[in-house]
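Subject: A model for you to look at

Hello,

Here is the model I promised to pass on, with my notes below it. Please open it alongside this email and follow along.

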Amino acid sequence: MSWHATVLTLFPEMFPGPLGLSLAGRALEEGRWSIETHDIRTHGLGRHRNVDDTPFGGGAGMVMRPDVIGSAIAAHRPAGDPRPLVYLTPRGRLFRQEDAARFAAGPGVMLLCGRYEGLDQRVIEEAGVEEISIGDYVLSGGEPAALVLLDACLRLLPGVMGGETSAEEESFADGLLEYPHYTRPAEWNDRPVPPVLLSGDHGAIRAWRRAQAEEATRLRRPDLWAAHLSRRMAGRPSPQDMTGSVATASAGP
Ligand code: SAM
């Protein structure tokens, strides 16, 4: 059975959207993954199919009702469904590459897209939802966040990326940002590519790339760099260290 995504949303027409194109789109056509979307409004109440109401305690905006969301989940989540149920929310834990890898390794995901001020807290607790944020900013709805999460998972599925990229070498794969890339021409606008990349010396190239990855991480992402250093100090080597690649940069935090 292929990797399967179920999305509960007020805007089902947003899916598969960009995921119907390029690598994910081809993989969708090939049946490597599948997606079903369900309109939360079909579970809405009354003649107008209301899905939201004013917040208890006052304040701006509207809140998605727990009874409506609860019935949407119950209708589309089979008993014993092993897939994680994820609510995209800025209040969630930050989405990371390891989450994408974890989801991609399983049978799929079920995603809940919020609108307005978000979901009533009780349905989040009742349904055993994993709350995930895609970054420290506020979107107008969970749909773009769901597309981001799915994209990150889909490219890790077997056969989706083909030989085009190596997931093991990409940013975050071993807790570091990736090294910079260069291609032809060897000189452009008086800018030559770093000579080591033309040397044919694969050991030197590997060492240079590793040093560049470490330097970029140290300068751009002190949070990742600190985690990398503490892993090292605790004697937990990164996957690249374990394969014998040379680690050269040794600048402090
Ligand atoms: N009142 C909420 C808050 O301040 O945390 C923001 C609600 S937002 C306008 C509406 C919906 O967009 C949320 O329920 C959520 O599903 C989605 N959303 C917004 N920002 C997000 C983010 N950074 N990550 C994931 N989902 C997000």
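To begin with, how many helices and strands does the secondary structure of the chain come to? The answer is eight helices and nine strands; helices (H or I, at least four residues) and strands (E, at least two) are DSSP runs, numbered from the N terminus.

Two notes on conventions before the details. This is a predicted model, in which local features need pLDDT of at least 70 and side-chain atom pairs count only at pLDDT 80 or more, while totals for chains, interfaces and linings use all residues. Residues are numbered from 1 along each chain as its sequence is written, and side-chain values use heavy atoms, with hydrogens and water left out.

**Overall layout**

The chain is divided into domain 1 (3-154) and domain 2 (176-237), with bounds that come from an automatic or database domain assignment. Taken over C-alpha atoms, the centres of domain 1 and domain 2 are 36 Å apart. Along the principal axes, the C-alpha atoms of the chain fill a box of roughly 70 × 40 × 40 Å.

Of the 253 residues in the chain, 38% are buried (buried means under 20% relative accessible area, exposed over 50%, partly exposed in between, with a 1.4 Å probe and protein chains only). The accessible surface of the chain comes to about 14200 Å², and carbon and sulfur atoms hold 54% of that; these areas come from the Shrake-Rupley method with a 1.4 Å probe, and for residues only the protein chains shown count as cover. Among contacts (heavy atoms within 4.5 Å) with a separation of 6 or more, 74% are between residues 24 or more positions apart.

**The strands around S6**

Strand S6 (residues 108-113) has six of its six residues buried, so it is largely enclosed by the rest of the structure. Gly108, Met110 and Leu112 point one way from S6, and Val109, Leu111 and Cys113 point the other way.

S6 pairs in the parallel sense with strand S1 (residues 3-9) over five bridges, where two strands pair if DSSP finds at least two bridges between them. In this pairing, histidine 4 stands opposite glycine 108. S6 also pairs in the parallel sense with strand S5 (residues 85-94), over four bridges. Here valine 86 faces leucine 111, and tyrosine 87 faces leucine 112. S5 in turn pairs with strand S7 (residues 130-133), again in the parallel sense and over five bridges; arginine 93 has isoleucine 132 of S7 as its bridge partner.

**The ligand site**

Tyrosine 87 comes up again at the ligand. There are 21 residues around the ligand, and Tyr87, Leu88, Glu117, Tyr137 and Leu139 come nearest (near means that a heavy atom of the residue lies within 4 Å).

- A polar side-chain atom of tyrosine 87 lies 2.8 Å from an oxygen atom of the ligand.
- An N or O atom in the side chain of glutamate 117 is 2.9 Å from a nitrogen atom of the ligand.
- A polar backbone atom of glycine 142 is 3.4 Å from an oxygen atom of the ligand.

On its own the ligand has 590 Å² of accessible area, and the protein covers 85% of that.

In helix H1 (residues 22-29), Leu23, Ala24, Gly25 and Ala27 are buried. Strand S2 (33-39) and helix H5 (142-154) are included in what covers them. In helix H7 (residues 222-233) you will find histidine 228, which counts as buried because its relative accessibility is 1%. Leaving out residues up to four places away in sequence, histidine 228 touches Asp174, Leu176, Arg210 and Glu214.

**Backbone points to check**

Most residues other than glycine have a negative phi, and most peptide bonds are trans. Against that background, a cis peptide bond joins phenylalanine 15 and proline 16, with omega about 0 degrees; proline 16 sits in the loop between S1 and H1. Another cis peptide bond joins arginine 184 and proline 185, also with omega about 0 degrees.

Tyrosine 116 has a positive phi of about 55 degrees although it is not a glycine. Tyrosine 116 belongs to the loop between S6 and helix H4 (121-126) and is partly exposed, with a relative accessible area of 40%. Asparagine 189 likewise has a positive phi, of about 50 degrees, and counts as exposed at 56% relative accessibility.

Best wishes

Technical notes
Polar contact = N/O pair within 3.5 Å; in protein donor to acceptor, adjacent residues only side chain to side chain.
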